[in-house]
Amino acid sequence: MLLNKKELLKNLKVAKKYAEKKDQSLITANVFFIKENNNMMLKASDIEIGISIDLGVVENAINFDVNLLELLGFVAICNDDNISFEALGNDVHISSGSSKIVLNMFEVNKKTIEDYMQDELKISSVAKAINEHIDISENIFKSIDRNNPKFELNGMLLDLKNKKIVATDTKRISINSIDIDYKGLMNEVIIPRAALQDVKSISDIKISQNYISFSSEDKIITARQIIGKYPQYERIIPQNYNFKIMVNGLELKNNLKKIKSNEIVLHFINNAMTIKTSNGGSFNMECYYPSNNEFEKYPIKYSNSSKSEIYPHLYTFLNIWIFLWF
């Protein structure tokens, strides 16, 4: 069996994020190559999160598993374009040009951990993105917290009932509407941040009591759900507003990055917005505020000292709703 070195190295680096990292003697530290439906699948899992990567059709495909880090180390130093794999007994002989290595394998006829996770999902709720996929924007991913003691915030909320995806780190919140066809018992699922690290979009989704599995391009991610109650994000969003203003999000973001002071004043009149700083500076922007009645909001506390991202949605300045478009 031959595999292209460049593609294999790229996929092994992705799989490394999902395999066991602490104890390399465990089967969960192995990467599995399994032939399924004429295609070769590369699989890795640490029980909590697993990944299947479709390598496409591979001639003379064989099923085997080897230690992921040992294989990755060998592939990284190979100079040839292709790498050969041959299973002999309980060993896999791997060669590329003059470089060779022999790695031990477990019994590949047994199920991988990722397969056990998938078993529970065979009896599950099914969801499908109506318009082919659900975008996981950069803003959504960056708004997911990392090590929050309220563990629910370390994941993205898939709100199936209200057709939204939500992420917050308590300082900012990102909400995207999704178009999804869903029939099942669960209205909300919290997907761990780690399961979304290599994902830009989601298509087909399977949901069981403990797991969620979804397709993304040539990958299938399976993860244990975060069990808990996500904060009621709707409550922090006002329902009634005296003013509705639309501004260009990227332009606003770039202007705010230039601000040194920690207080700003927003001034609106005739489709024009002025950002005034406490040290006398100002920035002018176009906006949608078609009124000759001047409106000014003062002061707004703002700090970019931490170099944090501008909130994807600036939800409320008292009774103002500001829409951002990017």
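**View 1. The open sheet of the predicted model has four strands.** Its strands follow the order β1-β6-β7-β8, and their pairing is antiparallel. At the edges stand β1 (residues 2-4) and β8 (residues 99-104), each of which has a single partner strand, so that one side of each is left without a neighbour in the sheet. From one strand to the next, the twist averages 25°.

**View 2. Strands β6 and β7 run antiparallel within this sheet.** Strand β6, which covers residues 82-88, is joined by five bridges to strand β7, which covers residues 91-96. A residue to look for here is A87, which stands opposite V92 in β7.

**View 3. Helices α1 and α2 lie across strands of the sheet, α1 across β1 and β6, and α2 across β6, β7 and β8.** Helix α1 runs at about 75° to β1, whereas helix α2 runs at about 175° to β8.

**View 4. Helix α1 (residues 5-16) and helix α2 (residues 68-77) cross with their axes coming within 10 Å.** The angle of this crossing is roughly 145°, and the crossing of α1 and α2 is left-handed. On the side of α1, the contact is made by K5, L8, L9, L12, K13, A15 and K16, while α2 contributes L68, L69, L71, L72, V75 and A76. Sorted by class, the contact of α1 with α2 has ten nonpolar and three charged residues, with no polar residues.

Terms used. Residues are numbered from 1 along each chain as its sequence is written. This is a predicted model: local features need pLDDT of at least 70, side-chain atom pairs count only at pLDDT 80 or more; totals for chains, interfaces and linings use all residues. Side-chain values use heavy atoms; hydrogens and water are left out. Axes are lines fitted to C-alpha atoms, for helices over the stretch in contact, and angles run from 0 to 180 degrees between N-to-C directions. Helices (H or I, at least four residues) and strands (E, at least two) are DSSP runs, numbered from the N terminus. A crossing is left-handed if the near helix is turned anticlockwise from the far one by less than a right angle, and right-handed if clockwise. Contact means heavy atoms within 4.5 Å. Ala, Val, Leu, Ile, Met, Phe, Trp, Tyr, Cys and Pro count as nonpolar, Asp, Glu, Lys and Arg as charged, and the others, Gly among them, as polar. Two strands pair if DSSP finds at least two bridges between them.
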